[in-house]
Amino acid sequence: MKISLLITTFNSTSQLAYTYLKEQGHSVDVVYAINDAQMIEEIAAFEPKLILCPFLKKFIPSEIYNNYATFILHPGIRGDKGAYSLDNAIREDKKEWGVVYLRANDEFDSGSIYAQENFAMRDTYKASLYRNEVNIASLQALKQLLINLEDKSFTPVPQLPTPLHKQLTQKDRAIDWQNDTTKAILKKIYMSDSLPGVLDEILGVECFLYGAWEEEKLRGEKPKEILAKRDGAICLATVDGAVWITHLKEKGRFKLPATYVLKDRLKGVKEERLPLIFDKSYKTFYEISCEIEDEVAYLHFNFHNGAFSSDKCMKLKYAFEYIKEQVKVVVLMGGVDFFSNGIHLNILEDSKKNGEDGWSNINAMNDLVKSVLFADDVVTVASLEKNAGAGGVFLALACDYVVVREGVVLNPHYKTLGLSGSEYHTYSLPKRVGKQRANELLEACLPIGAKKAQEIGMVDKLFAHASYKDELKSFCKELLTDEDAYEDFLWDKEDFLEENREMIEAKREAEIAVMHPEFWDEESEFHRLRYEFVYKICPCETPARLKYKKE
């Protein structure tokens with residue numbers, strides 16, 4: 001079937017729909033909703049049988065929905081209407097929420113419902129709910145929508161005649177530090193993260209707040225007093241405890257770790273350190289943790305938005321090298337929302353020494369990957385339970401085994417940011433998929449779904465969403481079932497790496513040689529594309545790579 005995706009941006013939900021539809025054999029064309037004339041023209045040129053809008057903020061022209069069957073994904077339950085649906089659900093303490101696919105008409109979110117899927121609400125921030133529960137529900141709703149459209153006996157459910165839900169303002173989100181409890185502050189930041197954020201003022205800097213974590217031990221004498229800093233975050237006292245804020249954004253700027261925004265204003269604030277691998281024995285802000293079960297270590301690294309700055313790379317490298325001495329299998333688990341998205345673009349954009357800091361970041365990422373790749377005394381597994389992009393994909397491919405959850409989307413490419421990339425990808429990707437396929441993936445700059453990744457050999461195992469953690473643990477246990485086979489595997493691995501070390505390192509050196517001018521040349525495309533990415537500059541046209549091409 002010919003299907004157009006009409007979207008505001010190619011975000012995680014749009015990419016999930018795109019990859020699933022392509023895996024099902026549909027012809028998929030993407031249209032960015034830039035203006036009415038452009039939308040109408042692109043839709044007419046493709047002549048789709050169906051239009052899906054998995055992430056759309058713009059109202060659809062009647063010329064489109066009157067001429068094509070058009071369905072909009074709304075991140076709310078039946079009866080919910082309006083923007084910022086999840087914000088209201090969090091604010092109102094909803095225990096269950098959901099998504100619906102609505103038929104587009106002339107009234108906002110009022111069309112008949114052709115598919116719906118509910119989920120339990122998790123006590124977390126909006127962006128995490130969107131990237132996890134909403135995405136998973138959206139895939140199930142998409143599958144049901146396609147079934148219902150083929151079923152001649154299906155009757156859609158009318159939308160309820162309810163008004164639009166409350167439009168939340170910064171007044172609704174604002175923190176009253178003199179009266180709000182820690183729980184109330186967490187909720188206000190949760191319902192606003194990652195958009196639009198909570199507007200506040202910290203040490204004279206007007207900024208939006210993001211990334212709230214409850215603190216159990218630290219206490220202050222007055223609300224809003226800055227008690228400590230850690231790994232870029234700051235800890236502020238509340239009327240009944242304390243809360244960590246990991247990121248801030250000044251008006252007209254972009255999101256950065258809190259300490260990067262406040263800089264010298266934090267002089268005298270104590271760095272409250274944690275062990276390299278935190279045992280989670282009390283509530284606080286942490287990034288790296290680990291569980292060990294039956295000689296298998298599950299190493300978590302929950303870096304904000306999956307971005308790996310130089311210091312995060314080094315910390316994870318040391319954590320990996322420390323933990324692998326204690327077990328026989330190390331599983332790289334990634335974070336709550338992402339496995340990894342590679343180097344930290346926002347920090348590089350903020351830097352006054354773009355080239356130097358970019359160079360440092362890619363080399364730190366390479367050193368991390370090298371530790372995993374050359375770990376010949378332990379079996380390594382990459383657990384792609386969450387999405388990964390760019391260098392994050394190739395961190396995973398450095399492992400002996402790669403397993404993936406259904407619904408995960410991978411972006412194994414760099415060129416959309418003007419980079420050729422490193423992380424030993426010219427070794428690890430062709431090794432798994434062959435040289436021709438590797439070049440195709442790098443050049444096409446398209447996302448691929450979990451099913452496709454398994455089909456082409458990029459990953460070894462594909463596990464169902466509902467049973468993912470159990471299947472992962474069973475897989476890791478099987479690696480240790482036969483002790484002789486385990487030892488033979490390590491011997492073979494050690495021999496292979498010893499014989500091929502020079503070749504593998506030469507790949508890295510060649511990659512870095514190409515990347516050098518991409519970081520250091522002031523006219524490099526990387527600097528412009530990074531700026532557009534960080535500042536979320538809207539494109540003037542649908543990217544050519546997303547337009548349908550007959551295979």
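A: We may begin with a term: helices are DSSP runs of H or I with at least four residues, and they are numbered from the N terminus. In this predicted model, helix H17 spans residues 483–520, and Glu483 has its place there.

Q: Which residues gather in a patch of negative charge on the surface?

A: As a general idea, Asp and Glu count as negative, whereas Lys and Arg count as positive. Here the negative surface patch brings together Asp482, Glu483, Asp484, Glu487, Asp488, Asp492, Glu494, Asp495, Glu498 and Glu499.

Q: Which residues form a positive surface patch?

A: Lys22, Arg437, Lys452 and Lys549 form such a patch. Of these residues, Lys549 is found in the segment after H18.

Q: How many salt bridges does the structure hold?

A: A salt bridge is counted when a side-chain nitrogen of Lys or Arg is within 4 Å of a carboxyl oxygen of Asp or Glu. The structure holds 35 salt bridges. One of them joins the side chains of Lys547 and Asp29, at 2.9 Å from N to O. This pair links distant parts of the chain, 518 residues apart: Lys547 belongs to the segment after helix H18 (525–534), and Asp29 to strand S2 (residues 27–32).

Q: What should be noted about the backbone, and where does Glu47 lie?

A: Most residues other than glycine have a negative phi, and most peptide bonds are trans. Glu47, although not a glycine, has a positive phi of about 55 degrees. Glu47 lies in the loop between helix H2 (36–46) and strand S3 (50–53).

Q: Which peptide bond has omega near 20 degrees, and which has omega near 5 degrees?

A: The bond from Asp193 to Ser194 is cis, with omega near 20 degrees. The bond from Leu195 to Pro196 is also cis, with omega near 5 degrees. Ser194 is found in the loop between helix H7 (182–190) and strand S7 (198–202), and Pro196 lies in the loop between H7 and S7 as well.

Technical notes
Residues are numbered from 1 along each chain as its sequence is written. This is a predicted model: local features need pLDDT of at least 70, side-chain atom pairs count only at pLDDT 80 or more; totals for chains, interfaces and linings use all residues. Side-chain values use heavy atoms; hydrogens and water are left out. Patches are made of residues with over 30% relative accessible area and no salt bridge: like charges are joined within 9 Å, nonpolar side chains (Val, Leu, Ile, Met, Phe, Trp, Tyr) within 5 Å. Accessible areas come from the Shrake-Rupley method with a 1.4 Å probe; for residues, only the protein chains shown count as cover. The place of a charge is taken as NZ of Lys, CZ of Arg, CG of Asp or CD of Glu. Helices (H or I, at least four residues) and strands (E, at least two) are DSSP runs, numbered from the N terminus.
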